[in-house]
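Subject: Structure handover

Hello,

Please find the structure below. Notes on what was found in it follow.

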Amino acid sequence: MRAAAILGLGCSPKYLKPFQDDKTADKTIDWRIGMPAAADSVDVILLFGGDGTIHRHLSQLVKLAAPVLVVPAGSGNDFARALGLHRVRDSIAAWRRFCTKSDNVRTIDLGLITPLESAGEAPSTIAQGRSAPHEPAAVQGARYFCCVAGIGLDSEVARRANQLPRWLRAHGGYVLSLAPAIFRFAPLPMKILTPEIAVNGQAPGQGDRNWTIRSNQSTTLAALANTSTYGGGMKIAPHAKMDDGLLDVCIVGGIDPFKLFCMFPTVYFGRHLSMSEVDYFQSSCLRVETEHPLDVYADGEYVCQTPVEVAVQRDALRVIVHPSQTSF
């Protein structure tokens, strides 16, 4: 068996030792370090890092189509947790199962963010008071994400958290960045559109797609989720699943900063959905338009600015899960 190991920021070859020295596997393993160049050169990939490291490699991982085992070794490990891999020892257990039975490989969806306009082109349709055209203005620069894409307050918090030392980001960096951002961030006009459903209940193809306004209000935060948690365990989308072909969308409208500050502890338990300022729905595809370009972050990394189209890429990535993991 040919195995490749991708070592994220702060990881060294010693992180690979427990997997190389494991004697439970009967197969002879040919190890190599770094991202494989071709799909036929590797049978499995071990990725050591957090959500940001995974995010940066997603495009190539999708092309390679090899099973990926995530070893949580980053400042944010929400994707690994979604796969039942809370600690390194969970990844070792998953590795043993893969080497002996190979029955813990699953295929999951990814999110895909496509910028709709380049700088200097026509302004967003929200500023022109009309609905979006049928066709995207651009399809270049699309980026995959594995966990959650955020616009608004979430992006500001991610930006602040990325400026912290790595060790601090790993120990509550998102929460530490949240408090000052809440009291300085003002809700902004945001329009979210979803595809119209045809009479027969089927969504039209991309070229025939019409859009309808799902939300048009001053918005504090819009989270577009493939996994249920982000920010180190905040359950922003408690009903999200990685294999249902849908994004779970959580929109927080205009809200008093103090009330928002008090609300965020409830996000760790998914109880924020009962608040009147929170709108929650699912969609396979949506557009986000703002009066002025706003930063879009995903998996804690900067992606682009609005307007964007965000969609689900079905069955995009093969992953190795913990043996006890039965659902996503």
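**The loop with Pro307, and what else was found**

Pro307 sits in the loop between β14 (301-305) and β15 (308-320); helices (H or I, at least four residues) and strands (E, at least two) are DSSP runs, numbered from the N terminus. The peptide bond that joins Thr306 and Pro307 is cis, with omega at about 10°.

Before the rest, a word on the basis. This is a predicted model, in which local features need pLDDT of at least 70 and side-chain atom pairs count only at pLDDT 80 or more, while totals for chains, interfaces and linings use all residues. Residues are numbered from 1 along each chain as its sequence is written, and side-chain values use heavy atoms, with hydrogens and water left out.

Two residues other than glycine have a positive phi: Asp299, near 55°, and Asp315, near 50°. Most residues other than glycine have a negative phi, and most peptide bonds are trans. Asp299 is found in the loop between β13 (295-298) and β14, whereas Asp315 lies in strand β15. Asp299 counts as buried because its relative accessibility is 8% (buried is under 20% relative accessible area, exposed over 50%, partly exposed in between; 1.4 Å probe, protein chains only).

Helix α9 covers residues 257-267, and Leu260, Met263, Phe264 and Val267 are buried in it. Those buried residues line one face of α9, because they fall within an arc of 115° when seen down the helix axis (the arc is that of the directions from the axis to the C-beta atoms). The N-terminal end of α9 is capped by Asp256, with a side-chain oxygen 3.0 Å from the backbone nitrogen of Phe258.

Phe258 is itself in α9 and is exposed, at 54% relative accessible area. Together with Phe183 and Phe261, Phe258 makes a nonpolar surface patch of about 340 Å². Such patches are made of residues with over 30% relative accessible area and no salt bridge, with nonpolar side chains (Val, Leu, Ile, Met, Phe, Trp, Tyr) joined within 5 Å and like charges within 9 Å; a salt bridge is a side-chain nitrogen of Lys or Arg within 4 Å of a carboxyl oxygen of Asp or Glu.

For the protein as a whole, the secondary structure comes to nine helices and 15 strands. Of its 328 residues, 50% are buried. Among contacts (heavy atoms within 4.5 Å) with a separation of 6 or more, 75% are between residues 24 or more positions apart.

Regards

How values were computed. A polar contact is a pair of N or O atoms within 3.5 Å; within protein, one must be able to donate a hydrogen and the other to accept it, and residues adjacent in sequence count only if both atoms are side-chain atoms. Accessible areas come from the Shrake-Rupley method with a 1.4 Å probe; for residues, only the protein chains shown count as cover.
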